[in-house]
Amino acid sequence: MASLVIAVDGTAASGKGTLAKKLAEHYNFAHLDSGKLYRAVALQVLEGGGDPAREEDAVKGVADLRRNAGSFDNPAFIRNARLLSPEVSDAASKVSAFPGVREGLLQFQRDFAANPGFGRKGAVIDGRDIGTVVCPEAAVKLFVDADPEERARRRWLELKGKWLDAPSLPKMPDQATILAEILERDARDRGRAVAPLKPADDAVLLDTSDLDIAAAFKATLDIVEATLKRRPRG
């Protein structure tokens, strides 16, 4: 039986990652945050002294990550606090624009979707091109967004918690700086030639600007359940 895939795309700090995790827990599906794959590549480039704006360095970062991490879901990389730093976030947006990087990570994501493992019957994958490129045949596709100011506030709160747990990190940015970075990243992600950030034609749009996590998850679950009920059986 083929794995059932739920694709959750959207803008940075819109809540897509949190909603994807909660969906995975609700359905006992596997979860993959594809954004952390690109962040892990970006971190590898930075720590290796490379330039994330150079395709050669970015593609090398994929190979280095494979060699050093063994697998892309290695906790030493995926749970690294530096992955959420503004520097890595900006670098991730740059490396993700290169076809060689996206190709290097594409098959891993598709393999994960097809074979979630541990007897799970499905996978929830969040990112920016899951419904359009990685898993265009996903059973459910959502596109999550929110006002930039609200997303900046959420990212600031998220970073605040990370900084408290890792005081050795550089000085924490203020909300104005985070907002500027979010707007710049939105423009870069939407304007890139390869797999630009956009909703799939059959994705359901969810604006979480005025929703707390409980309300957002209820709305998300309602969308998933309604979509699955309309899905042909057999």
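**Figure 1. Contacts of R192 in the predicted model.** Apart from neighbours within four places in sequence, R192 is in contact with S96, A97, R102, R128 and L197, where contact means heavy atoms within 4.5 Å. R192 sits in the loop between α9 (175–191) and β5 (204–207); helices (H or I, at least four residues) and strands (E, at least two) are DSSP runs, numbered from the N terminus. This is a predicted model, in which local features need pLDDT of at least 70 and side-chain atom pairs count only at pLDDT 80 or more, while totals for chains, interfaces and linings use all residues. Residues are numbered from 1 along each chain as its sequence is written, and side-chain values use heavy atoms, with hydrogens and water left out.

**Figure 2. Burial and polar contacts of R192.** R192 counts as buried because its relative accessibility is 8%; buried means under 20% relative accessible area, exposed over 50%, and partly exposed in between (1.4 Å probe, protein chains only). The side chains of R192 and S96 are joined by a polar contact of 3.4 Å. The backbone oxygen of A195 is reached by the side chain of R192 at 2.8 Å. A polar contact is a pair of N or O atoms within 3.5 Å; within protein, one must be able to donate a hydrogen and the other to accept it, and residues adjacent in sequence count only if both atoms are side-chain atoms.

**Figure 3. Surroundings of G50.** The loop between α2 (34–47) and α3 (55–69) holds G50. With a relative accessible area of 25%, G50 is partly exposed. Leaving out neighbours within four places in sequence, G50 is in contact with V45 and D57. G10 lies 40 residues from G50 along the chain, and their C-alpha atoms are separated by 28 Å.

**Figure 4. The whole chain, as context for the close-ups.** The protein has 10 helices and 5 strands. Its radius of gyration is 17 Å, close to the 17 Å that the globule rule gives for 234 residues, so the protein is as compact as a globular protein of that length. The radius is taken over C-alpha atoms, and the rule is 2.2 Å times the number of residues to the power 0.38. The C-alpha trace spans about 50 × 40 × 35 Å along its principal axes. Of the 234 residues, 49% count as buried. Among contacts between residues at least 6 apart in sequence, 77% join residues at least 24 apart.
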